[in-house]
Amino acid sequence: MTAHRGLGLVDAIASQLAHPGKAFLGPRVASSRRQHLAYGPPGIALLHIELAANGLGPWQRAHDWLAAASREPFTSGPDSHPFYGAPAFAHALACAADYLPGSYHRALNTMDRQIEADAARRLDAAHRRIDAGRLTQLAEFDTIRGLAGYGAYLLRRNSGSPTMRSVLDYCVRLTEPINHHGETLPGWWTETDPSGIPDDARFPGGHANTGMAHGVGGVLAILALAARDGTLVEGHHSAVRTILAWLDRWQEETGHGPTWPYWVTRSELRTGHLAPSAPRRPSWCYGTAGLARAQQLAALAVGDTGRQIDAEKALVAAVTDPDQLEATTDNGLCHGFVGLAHVAARTADDAHPSTVGQLRAAIPALLAAVHPPGTDPEGAAMALIRDEERGPGLLDGAAGVALSLIAPSTAAPPRSAWDTCLLIA
């Protein structure tokens, strides 16, 4: 995909999502989801913020979407999380404030205090849970709903704060094994299925989730990003190596390169072998793409060049493997082609000279899958926005597609740090 064609679709999506009062929001943006970063106005605001930061759109559009997102009081406390309520809006607001000195300062300071207080309450509950010898829940620690996601925000706003360091202390403690009914399990083992619901039929005894969205991949990423930022706590590098060793233990070879499972079940843990499965999509949220980026970041943090190159080669293999790509069935950021392109571009930004060319060479084919040659940008934008299942939002929808096209089309990393909420940067 040429830069002109990529930005053509970006512009078409942004134009059709220019005004909150006129844009098609679809059924996913019900009143209960208007505060959601994944589906609602905060995620759409990120598109206009990134465009304005690049000089490709007016700041007024970004302001209008931020205003639309803030028309009702924000949820905070136990009913909020990094992708919902005050933390979700604060992420978008911080991205705008970075490029508008003095703007939104008072609101952000207020939200920062609330987010730190909420994170502290979660940390206290998590440590009490560990002290009692109980297993964790995904929502305690993951990127979307848990403490890894809070860490993503805190690392940007005040990386050396006591609360940020406490999040890292918790992440270190989470990697310590736990003895449960006489069986030694990794500290991130949960008794539920991957959606957080008990399922004794499919997941008897629970599972260990490896994903970036809901598993230990996000914990690895926040530890690595903090280390690269210079924020370290006791046991930091040991915790990184514990997670890397777990991923090494469950790595599989496909003939095209290594892959990692979405999760490990209790029976797989006991036998030491993964159950046979069809090739899975190598997405950001689950699978090889997000985990390759997390391992690259970890390798950079601990100075392991060999592991860095291996992680980058694993991503190249994943995004060029016909079997894995065949399992990728949509265009979105979370688990679609544009998400693969964005993760590849972010990985290439930090890549070793021996692999950077391979990573960048893989991106055009991924983008062509999103916006095939000869496709009308206006029609493609309308189809994305009006897709009833995915809609106009960030994770699955049109805003995320447009955001993920900007960096490849401008040959530069994102300027507004919009993707720090994904823990890939």
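## Helices α4 and α7

Let's start with a pair of helices: the axes of α4 (residues 86-97) and α7 (residues 147-158) come within 11 Å and cross at roughly 30°. That makes α4 roughly parallel to α7, since angles under 35 degrees count as roughly parallel, over 145 as roughly antiparallel, 65 to 115 as roughly perpendicular and the rest as oblique. The axes are lines fitted to C-alpha atoms, for helices over the stretch in contact, and the angles run from 0 to 180 degrees between N-to-C directions. Helices (H or I, at least four residues) and strands (E, at least two) are DSSP runs, numbered from the N terminus.

Bear in mind that this is a predicted model, where local features need pLDDT of at least 70, side-chain atom pairs count only at pLDDT 80 or more, and totals for chains, interfaces and linings use all residues. Residues are numbered from 1 along each chain as its sequence is written, and side-chain values use heavy atoms, with hydrogens and water left out.

The crossing of α4 and α7 is left-handed, a label used if the near helix is turned anticlockwise from the far one by less than a right angle (clockwise would be right-handed). On the α4 side, P87, A90, H91, A94 and C95 meet Y150, Y153, R156 and R157 of α7; contact here means heavy atoms within 4.5 Å. This contact splits into six nonpolar, one polar and two charged residues. For these classes, Ala, Val, Leu, Ile, Met, Phe, Trp, Tyr, Cys and Pro count as nonpolar, Asp, Glu, Lys and Arg as charged, and the others, Gly among them, as polar.

From α4 come A86, P87, F89, A90, L93, A94 and A97, while α5 brings A107, L108, M111 and I115. What classes turn up in the contact of α4 with α5? Eleven residues are nonpolar, with no polar and no charged ones.

A cavity is a set of points on a 1 Å grid over the protein atoms alone where a 1.4 Å probe fits but cannot get out, while a pocket is an open set with protein on both sides within 12 Å along at least five of seven lines; lining residues have an atom within 4 Å of a point. The count comes to one cavity of 30 Å³ or more.

About 100 Å³ of space lies in the largest cavity, with volume taken as the space filled by probe spheres set on the points, which are joined across faces, edges and corners. Its lining includes P87 and H91, along with Y150, Y153 and R156. Which helix gives the most to this lining? That's α7, with five residues. By class, the lining has seven nonpolar, three polar and one charged.

## An open space

The largest pocket holds about 450 Å³ of space. Of its 26 lining residues, E252, T259, S277, A278 and R280 are the closest to its centre. β4 (252-253), β6 (263-265) and α14 (322-326) each supply at least two lining residues. The lining has ten nonpolar, eight polar and eight charged residues.

## Helices α12 and α15

One more pair: the axes of α12 (residues 288-302) and α15 (residues 337-349) come within 10 Å and cross at roughly 15°. That makes α12 roughly parallel to α15, and the crossing is left-handed. Here A289, R293 and Q296 of α12 meet L340, V343, R346 and T347 of α15.
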